Each structure stands twice: as C-alpha cells, then as structure tokens.
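Please look over the structure below before reading on.

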Amino acid sequence: MNLSEKDSQYLWHPYTQHKTAQKPIVIAKGKGVLLWDENGKEYIDAIASWWVNPYGHSNQFIADAIYKQLTTLEHVLFGGFTHKPAIHLAEKLKTILPVNQQKIFFSDNGSTAVEVAIKVALQYFFNKGEKKTTIIAFENAFHGDTFAAMAASGISFYTQAFQGMFIDVVRIPVPVKGKEQESFEALKKVIQEYNCAGFIFEPLVLGAAGMVMYEPETLDELIRICNKNGVLTIADEVMTGFGKTGKNFACDYLQEKPDVMCLSKALTGGTIPMSITTFTQDIFEAFYDDDINKALFHGHTFTANPTGCAAALASFELLQTPGMQENLVRVNQNHLAFQKHIQKHPKVTTTRVLGVIFALEIKTESSASYYGTLRNKLYDFFIENGIILRPVGNIVYILPPYIISDIQLQKVYEVVEKALEIV
C-alpha cells in the first residue's frame with residue numbers, strides 16, 4: 001500500500017466526512033511558505049496551516065531552540081515543579097500583554113485555553129459564594145471543540161449532536177457595522193435576565209465565521225457594560241494573537257482590557273501544541289485561600305512543556321524583530337492594494353482587511369453552506385493551482401505566514417481572482 005492507502009486504512013481526520021471526502025494530500029516536506037507533496041508538487045500555504053505558522057515551515061531558528069532544549073530538559077511535570085523556560089516565557093509575555101494580565105496558566109491547545117477560561121470564570125463566582133452560571137457569547141462564534149468551548153461556539157452543525165448537554169450560554173449579535181446598538185442592548189438584556197459569569201469573544205475578528213470583523217470602539221463599549229455589571233470578560237486571541245491583526249494582540253486596539261485572555265496557535269510558531277490562559281490578579285486572588293477546595297483543579301500532562309516553552313520563546317523573539325514587524329506592514333499593504341483592485345468585481349459582495357488577514361465574500365443566489373458545493377469547488381480549484389486556501393462557504397480568506405514574499409502573495413491574489421471566473 002502507498003501512504004495515501006495506509007492513511008485511509010488507519011487514520012481519522014478532523015472535520016472530515018470520510019465517505020464523501022477526497023483522499024488527503026500527502027505532504028512530504030515544508031520550508032518557508034511552501035509545502036511539497038509526495039509527488040513533488042509545490043503549494044503556497046496561504047493560511048499558515050490553520051493560522052499557526054507565521055514564520056514559515058521548518059524555521060531553523062525555532063528548530064535550533066527546540067533541539068537545544070531537548071538536550072537539556074525535554075519535559076518535567078508542572079505540578080509541584082517549575083523550570084526556567086516557563087518562567088522566562090511568562091516574563092517575556094508580560095512585556096507585551098495588557099498590563100492587567102498578571103497570571104499565566106499553561107495548557108495544550110486553543111480549545112483547552114478557552115476551557116480553562118470558562119471554568120475559571122464560573123469558579124471565580126462560586127469561590128465568592130455567588131451563583132453565576134451563564135456565559136455570554138457572540139452568534140456564529142467559534143471557540144473550540146472541547147465541551148465548554150463548544151458550548152460557547154455558535155456554529156450549529158459542529159455542536160448539534162450535543163444539544164442539551166452544554167453549560168448555559170446565551171448569544172448576542174456581533175456588533176458589525178449598523179448593528180452596534182443592537183448588540184449593546186442585547187448584552188444589557190442578557191445580563192439583566194440571567195446570572196452571567198462571563199462574556200467570551202473573538203476580539204475584532206470572528207475567524208471560523210468567515211473573518212467577520214467589527215470595530216474596537218464597539219468592543220470597548222461591550223466590555224464597559226460587562227465591567228459595570230460584574231461580568232468577567234474573556235478575549236479569545238487564539239487566532240488573532242501574535243501579530244495577525246497588525247498588533248501583538250487584537251486587544252491592543254482597545255481602550256478597555258479583558259479580564260482573561262486565551263492564546264495558542266502562533267504561540268510556538270507552528271511547532272509544538274501549547275496554549276496559555278492569562279488572568280488578572282483579582283481573579284487569581286479568588287482562588288488563593290487556605291481552603292484547598294478553592295484551588296483551580298485543572299491540568300494537563302504536558303502543562304508548560306519545556307520544549308514547547310523554548311519554541312514559544314524563539315517565536316516571541318522572531319515576532320519582535322524589526323524585519324518581522326516590517327513584514328506585518330508589508331503584507332497588510334499588499335492586502336489593501338488587492339482589496340482596492342478586487343472590491344468592485346461583479347462577483348464580489350464585500351471585502352475585509354485587518355493586519356495580515358484578507359477576506360472577500362462571493363455573490364451567491366442563495367446562502368452557501370459551510371462545506372457545500374461552492375466551497376468544495378473553490379477549494380479544489382485552489383489546490384489544483386498550488387494554493388492552500390480553505391474557503392468558509394462563499395467567503396475566501398487569506399492569512400499567510402508573515403514571511404511570504406510579494407511575488408508569492410501576487411500569485412495567491414491572481415489565483416483567487418481566477419477562481420471568481422468558475423463560480
């Protein structure tokens with residue numbers, strides 16, 4: 001059997017209906033922005049492999065940091081022990097996190113970062129003797145696939161098999177242009193009618209919803225409403241964190257700051273699964289007690305894995321270099337130029353740009369399903385043309401590694417424009 005046949009025999013892939021899906025492409029190697037399959041075909045990874053590889057594949061600087069750490073200390077349990085890479089990483093992150101973020105909790109992926117945040121929000125009030133059991137979230141949000149994260153997500157076909165099994169979540173409209181006041185009023189109404197512990201949101205960009213964007217000023221107002229009413233705010237920066245929006249974090253665009261932040265994906269430069277949830281000192285104090293039962297009883301076997309911390313430290317260093325910061329500006333300028341060129345195309349409804357994120361919506365006569373015919377047709381066209389893009393229904397987005405060249409970006413844009421001819 002070849003590799004593809006062995007894959008079909010042994011493996012179960014994410015978000016895949018194996019009966020109808022095409023066989024997955026066997027990737028043999030990657031370098032920089034490029035990936036090559038087993039037959040030598042070259043692909044531009046225009047979504048940074050689900051938004052995790054901002055510095056490109058097989059990055060030598062990160063690889064060297066991982067190797068060095070592996071020869072010193074590959075892993076040690078974090079219960080009752082600590083180590084320099086975790087302490088050093090926390091110290092570095094605090095230099096770029098909002099000033100109110102004081103405590104750092106490690107876990108292993110974006111979903112678990114959110115899971116920790118929601119559990120802490122609920123237990124925070126429990127520890128204070130208050131009964132607050134409802135979480136507020138945006139419509140069409142996506143926060144992950146573990147149970148609390150899934151409950152907070154609003155994409156129904158991901159969660160419909162589990163309805164009736166979730167924690168209490170109430171949804172409000174996303175404050176996109178023209179719906180700001182509707183969102184504000186909905187939030188106030190929910191807080192008035194339910195015992196709300198926390199409000200979780202993807203700041204400024206809802207990724208899996210199709211890169212839906214809204215303004216910082218509206219999020220500031222939503223946070224202010226929560227602050228006035230004793231509701232904790234949770235910023236899910238799993239996708240937006242570490243430069244995607246043009247700043248270190250999407251929350252850097254805000255005047256108000258969240259109580260909790262969730263980080264993952266680009267944290268380790270696409271090398272080792274790791275996530276972080278950060279908290280204010282006030283939240284930590286609610287768990288700091290002589291009563292053992294008030295502790296946060298949550299952990300993962302690979303919590304604060306030293307090798308992952310070393311990868312994250314190397315990634316942090318790369319992000320802070322002048323060259324990488326210039327890349328963020330350069331990619332954004334390319335996106336803006338393409339937006340100006342394509343936005344009046346007769347088959348384009350809207351375009352959106354923030355930082356290194358570009359999205360366009362294709363005109364359709366009826367709503368395009370998430371994994372429907374249009375999406376699959378577009379996906380196949382991109383793959384045939386050596387571009388890895390994963391449309392969300394009728395929305396095509398580009399979120400490339402920051403190191404992508406202008407020439408490579410232009411190729412991506414050209415293929416996207418050609419794709420409009422087949423719809």
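This is a predicted model: local features need pLDDT of at least 70, side-chain atom pairs count only at pLDDT 80 or more; totals for chains, interfaces and linings use all residues.

Reader: How far apart are the end C-alpha atoms of helix α13?

Author: Helices here are DSSP runs of H or I with at least four residues, strands are runs of E with at least two, and both are numbered from the N terminus. The expected span of a helix is 1.5 Å times one less than its number of residues. Helix α13 has 12 residues, 373-384, so it should span 16 Å, and this agrees with the distance between its end C-alpha atoms, 16 Å.

Reader: Which residues of α13 are buried, and what covers them?

Author: Buried means under 20% relative accessible area, exposed means over 50%, and partly exposed is in between, with a 1.4 Å probe and protein chains only. In α13 the buried residues are L374, R375, L378, F381, F382 and I383. Contact means heavy atoms within 4.5 Å. The cover of these buried residues includes β3 (42-45), β14 (357-362), β15 (387-388), β16 (395-398) and α14 (406-419).

Reader: Which residues touch the most other members of the largest nonpolar core?

Author: A nonpolar core is a set of buried Ala, Val, Leu, Ile, Met, Phe, Trp, Tyr and Cys residues joined through side-chain atoms within 4.5 Å. In soluble globular proteins, nonpolar side chains tend to be buried together. The largest core here has 103 residues, and those that touch the most other members are F138, F382 and L389.

Reader: Which helix gives the most to this core?

Author: The largest nonpolar core has 103 residues. Eight of its residues come from the helix that gives the most, α11 (residues 306-320).

Reader: What does L389 touch, leaving out residues up to four places away in sequence?

Author: L389 is one of the residues that touch the most other members of the largest core. With residues up to four places away in sequence not counted, L389 touches A46, I47, Y379, F382, V396, Y397, I398, V412 and V416.

Reader: At what angle do α11 and α12 pack?

Author: Axes are lines fitted to C-alpha atoms, for helices over the stretch in contact, and angles run from 0 to 180 degrees between N-to-C directions. Angles under 35 degrees count as roughly parallel, over 145 as roughly antiparallel, 65 to 115 as roughly perpendicular and the rest as oblique. The axes of α11 and helix α12 (residues 322-342) are 4 Å apart, and the angle is about 65°. That makes α11 roughly perpendicular to α12.

Reader: Which residues of α12 meet α11?

Author: The α11 side of the contact has L318, L319 and Q320, and these meet P322, M324 and Q325 in α12.

Reader: How far apart are the end C-alpha atoms of α12?

Author: Helix α12 has 21 residues, so at 1.5 Å a residue it should span 30 Å. The distance between its end C-alpha atoms agrees, at 30 Å.

Reader: Is Y214 buried or exposed?

Author: Y214 lies in the loop between β9 (212-213) and α9 (216-228). Apart from residues up to four places away in sequence, its contacts include F138, V174 and P175. Because its relative accessibility is 5%, Y214 counts as buried.

Reader: Where is Y194, and how far is its C-alpha atom from that of T134?

Author: Y194 is in the loop between α8 (180-193) and β7 (196-201). At 38% relative accessibility, Y194 counts as partly exposed. Leaving aside neighbours within four places in sequence, Y194 is in contact with T134 and V170. Y194 and T134 are 60 residues apart along the chain, and their C-alpha atoms are separated by 6.7 Å.

Reader: What is the phi of A48?

Author: Most residues other than glycine have a negative phi. A48 is found in helix α2 (residues 48-51) and counts as buried, at 2% relative accessibility. Although A48 is not a glycine, its phi is positive, about 50°.

Note on methods
Residues are numbered from 1 along each chain as its sequence is written. Side-chain values use heavy atoms; hydrogens and water are left out.
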